[in-house]
Amino acid sequence: MKSCIITSPFHFEVREVPIPEPGAGEVLIQMKAAGVCGSDMHIFKGENPCSSYPLIPGHENAGVIAKVGEGVENVKVGDHVVVDLIITCGTCYQCTHGREEVCEQVLVRGSGTDGGWREYFTAPADDVYKIDDNIPWQNAALIEPIAIGAHCTKRARVVADDTVFILGTGTIGTIILQACKVHGAKVICCDVDDKLLERAKGYGADYVINSKNENIIERIAEITDGHGCTVAFDSACFPGSLELVMQYGIVCNAGRVVPLGFCDKPEAISQADINKRELDIIGTRMSAYQFKPVAQNMADGKYQLEGLATTFVKFSEIEKVFENIINPAPEVKKTVILFD
């Protein structure tokens with residue numbers, strides 16, 4: 001089989017390696033589709049401190065069960081599946097209290113250990129989830145990122161009477177938008193790109209704000225009759241973006257603020273900024289227990305998927321993925337690798 005390996009920053013190889021055999025409790029997955037995430041780009045550029053080389057990237061993985069090991073009962077050969085990205089210990093406080101995404105020993109496929117940019121790989125059967133056979137592979141690869149949206153909206157306790165503000169309408173921003181609309185919330189999307197905002201309207205945004213030529217606080221006051229939003233998601237994640245969404249007039253008293261990035265630059269936020277309005281600042285990372293409900297929602301047609309992935313690359317031409325990372329084209333928003 002062929003396997004794509006990042007050997008060092010800005011260097012990759014496609015190697016011929018043996019197809020692995022599943023051990024007891026494991027399955028062999030024949031890959032059909034894999035999403036390309038921003039974290040994969042950071043790994044290729046040498047910007048992920050959690051990754052070391054050589055490494056096979058890829059955590060948005062969908063495929064077919066090709067073989068099962070001894071004792072596997074939850075899936076069978078031929079089942080269409082997606083693969084969880086987290087590998088956990090199962091025994092720490094976090095794992096035993098429903099927070100396995102921040103397990104003390106958590107490993108992430110495609111980041112802390114080898115991922116799915118290869119034709120076959122093995123995984124514990126407990127880490128794979130059967131999906132409807134009618135879901136196209138190019139959509140199945142989106143289940144993991146959509147699960148991130150489902151997880152962060154659950155963390156934010158989004159409900160139908162919320163008014164949600166989303167800063168940044170790239171792939172994750174539009175996924176959060178759709179997750180909020182599944183709950184029936186009113187959603188305001190904000191960006192500096194009119195094309196992305198127009199796309200957000202197509203995905204159900206109730207209002208859009210172009211912060212390049214509109215005053216965010218004034219527009220939110222108009223939309224909410226001066227009350228502000230009950231929830232704010234920072235999916236732009238640039239230095240200063242958290243401070244931006246926490247401005248008075250964006251989030252109301254008792255509101256919830258959810259930052260999604262890993263920007264490590266300090267921001268000017270005081271205790272008074274939080275406590276005067278009794279805000280909840282809610283961290284979120286990856287997802288937990290969301291693969292099954294997201295896969296079911298996708299099978300039930302609850303998401304608008306057209307245009308969410310913009311670029312499709314054959315695994316046999318995977319060099320194009322890295323070319324797009326080095327020289328990004330404006331029209332490339334989300335890439336999915338399709339296996340031959």
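The points below follow helix H5 and its packing with helix H4.

This is a predicted model, in which local features need pLDDT of at least 70, side-chain atom pairs count only at pLDDT 80 or more, and totals for chains, interfaces and linings use all residues. Residues are numbered from 1 along each chain as its sequence is written, and side-chain values use heavy atoms, leaving out hydrogens and water.

**The helix itself**
- H5 covers residues 171–182, and its end C-alpha atoms lie 17 Å apart, which agrees with the 16 Å that twelve residues should span at 1.5 Å a residue (1.5 Å times one less than the number of residues).
- Helices here are DSSP runs of H or I with at least four residues, and strands are runs of E with at least two, numbered from the N terminus.
- Just after H5, glycine 184 has a positive phi of about 90°.

**Its surroundings**
- Nine of the twelve residues of H5 are buried, so the rest of the structure largely encloses this helix (buried means under 20% relative accessible area, with a 1.4 Å probe and protein chains only).
- Among the buried residues are Gly173, Ile175, Leu177 and Cys180.
- The buried residues of H5 pack against H4, H6 and strands E10, E11 and E13 (contact means heavy atoms within 4.5 Å).

**Packing with H4**
- H4 and H5 pack at an angle of about 55°, with their axes 8 Å apart.
- The contact includes Ile148 and Cys152 of H4, and Ile176 and Ala179 of H5.

Conventions
Buried < 20%, exposed > 50% of the residue type's maximum accessible area, 1.4 Å probe, protein only. Axes fitted to C-alpha atoms, helices over the stretch in contact; angles between N-to-C directions.
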